[in-house]
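Here's a quick tour of one protein model for someone just getting started. Take a look at the sequence and the structure first, then read on.

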Amino acid sequence: MVYRDKNGYYRFKIVLYGPSLGGKTTMVKALYNRIFGLKKGKIRSIEDPSGRTLYFDYMPLGTRGKVVFDIYTVPGQRRHKHQRKVILQGADAVIFVVDSDPNALQENIYSINELKDFLGDHFIRMPVIIALNKRDLDDALPERVLLRALNIEGTFPVFKTVAKDGLGVKRVFQEAARLAMLYRVFPEVYRKEMATLGRKI
Ligand SMILES: Nc1nc2c(ncn2[C@@H]2O[C@H](COP(=O)(O)OP(=O)(O)OP(=O)(O)O)[C@@H](O)[C@H]2O)c(=O)[nH]1
Ligand SMILES: [Mg+2]
């Protein structure tokens with residue numbers, strides 16, 4: 001179902017999911033600094049003193065025409081599971097932000113498994129875009145190693161990002177926005193595109 005608000009705007013919800021310190025908040029801030037010509041609202045962030053998200057970040061992004069993308073991040077720390085579940089509700093696309101730091105591998109696996117659990121069948125049906133972040137690290141794990149460890153090889157669109165420098169960030173959001181609209185407005189086209197990724201939906 002496509003959601004229209006009381007002013008007649010079509011709204012699409014994009015949620016950034018992933019382990020704590022993976023770079024979700026940094027990514028939304030980088031997008032905010034790099035977007036021109038679109039109607040962007042203020043970023044609202046609720047953080048703890050160490051800068052980790054406590055509830056969520058939120059930024060609305062209005063395009064030409066009556067379309068608004070509502071962008072949310074979840075708090076990645078394990079203890080905020082309930083918030084993550086609530087924020088994920090009604091998502092039209094999910095950007096899963098992977099931390100490429102070798103020390104974060106277990107947290108990445110924990111987080112993707114939790115996402116699979118929350119989404120159930122929707123995990124392979126709805127748009128899930130993978131952002132391999134922190135590609136600037138000298139010891140960043142290779143793409144293949146990460147995708148294999150997370151058991152998501154070949155079935156999802158994958159992008160590499162350096163959120164702290166804003167690299168690759170715009171492309172990730174463009175793809176999430178495009179797939180969210182296809183998924184909700186042109187499901188047949190969406191289905192065909194997913195089939196090329198080997199996803200039967
Ligand atoms: N080296 C490197 N560091 C990054 C990158 N992106 C983000 N960081 C750093 O990683 C740390 C955590 O980033 P956040 O954006 O706060 O992480 P988060 O995913 O929002 O974390 P939670 O709010 O706890 O879920 C910060 O110190 C960022 O500067 C990157 O691409 N490369
Ligand atoms: Mg955060």
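Helix H1 (residues 24–34) and helix H6 (residues 169–185) have axes that come within 9 Å and cross at roughly 95 degrees. This is a predicted model, where local features need pLDDT of at least 70 and side-chain atom pairs count only at pLDDT 80 or more, while totals for chains, interfaces and linings use all residues. Residues are numbered from 1 along each chain as its sequence is written, and chains are lettered from A and ligands numbered from 1 in the order in which they are written.

Helices (H or I, at least four residues) and strands (E, at least two) are DSSP runs, numbered from the N terminus. Axes are lines fitted to C-alpha atoms, for helices over the stretch in contact, and angles run from 0 to 180 degrees between N-to-C directions. So H1 and H6 count as roughly perpendicular (65 to 115 degrees; under 35 is roughly parallel, over 145 roughly antiparallel, the rest oblique).

Which residues meet there? From H1 they are Met 27, Ala 30, Leu 31 and Arg 34, and from H6 they are Val 169, Lys 170 and Phe 173 (contact means C-beta atoms, placed from the backbone, within 7 Å). Sorted by class, that's five nonpolar, no polar and two charged residues (Ala, Val, Leu, Ile, Met, Phe, Trp, Tyr, Cys and Pro are nonpolar; Asp, Glu, Lys and Arg charged; the others, Gly among them, polar).

## Strands side by side

Now for the strands, which pair if DSSP finds at least two bridges between them.

| Strand pair | Bridges | Residues standing opposite |
|---|---|---|
| S3 (residues 39–40) and S5 (residues 53–62) | two bridges | Lys 39 and Gly 62 |
| S4 (residues 44–47) and S5 | three bridges | Arg 44 and Tyr 58 |
| S5 and S6 (residues 67–73) | six bridges | Met 59 and Ile 71 |

S4 and S5 make a hairpin with five residues between them, and Gly 51 in the turn has a positive phi of about 90 degrees.

## A lysine on H2

Lys 85 sits in helix H2 (residues 81–88). Is Lys 85 buried, exposed or partly exposed? Lys 85 is partly exposed, because 13 other C-beta atoms lie within 10 Å (20 or more would be buried, 12 or fewer exposed, with C-beta atoms placed from the backbone).

Notes
Contact = placed C-beta atoms within 7 Å.
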